[in-house]
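Good morning, and thank you for making time for this. I would like to walk through one model with you, starting from a pair of charged side chains and moving on to the sheet and the loops around it.

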Amino acid sequence: MRNCFPFQHLFKDRFAVLLFTTWCLLSGCEKDNYTPDSYWPQVGHRIDMVEQFWGPPEDRETYYDGETFIVTYYYYQEGVFIEFYLERIDFIGNL
């Protein structure tokens, strides 16, 4: 019996590619599983993310390095200071 639709295999292949592409895009959208107990700041995290989990800093320092605004947060309970450059963590150090 002759196939009524001779290009059917092309649509199957395109569907497989479309399905694989969709799966890749959706799997790339992972949600962070941070909690206030498990969160530890990392280079690249935003200021608002640190404040969301650790709250406001015990002490803060701001200054300009040329035309760049630098903010340093001090968290004495955790024993760290965090330096932000362009509102993202640039450096984390021990107190």
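This is a predicted model: local features need pLDDT of at least 70, side-chain atom pairs count only at pLDDT 80 or more; totals for chains, interfaces and linings use all residues.

Let me begin with aspartate 48, which forms a salt bridge with arginine 46, the closest N and O atoms being 3.0 Å apart; by salt bridge I mean a side-chain nitrogen of Lys or Arg within 4 Å of a carboxyl oxygen of Asp or Glu. The structure holds one such salt bridge. Residues are numbered from 1 along each chain as its sequence is written, and side-chain values use heavy atoms, with hydrogens and water left out.

Aspartate 48 is partly exposed at a relative accessible area of 45%, and arginine 46 is partly exposed as well, at 37%, where buried means under 20%, exposed over 50% and partly exposed in between, with a 1.4 Å probe and protein chains only.

Histidine 45 is placed in the loop between helix H1 (8-27) and helix H2 (47-54); helices (H or I, at least four residues) and strands (E, at least two) are DSSP runs, numbered from the N terminus. Is histidine 45 buried or exposed? Histidine 45 is buried, with a relative accessible area of 12%. Beyond its neighbours within four places in sequence, histidine 45 is in contact, meaning heavy atoms within 4.5 Å, with Tyr34, Tyr39, Trp40, Phe84, Glu87, Arg88 and Ile89.

Now to the sheet, which is open, has four strands in the order E1-E2-E3-E4, and shows antiparallel pairing; two strands pair if DSSP finds at least two bridges between them. Strands E1 (59-65) and E4 (88-94) stand at the edges with a single partner strand each, so one side of each is left without a neighbour in the sheet. Strand E2 (residues 68-75) and strand E3 (residues 80-85) run antiparallel and are joined by six bridges, and tyrosine 75 stands opposite valine 80 in E3.

Finally, the loop between E3 and E4 holds leucine 86 and also glutamate 87. Leucine 86 has a positive phi, near 55°, in a residue other than glycine, and glutamate 87, likewise not a glycine, has a positive phi of about 65°. Leucine 86 counts as exposed at 59% relative accessibility, and glutamate 87 counts as exposed at 60%.
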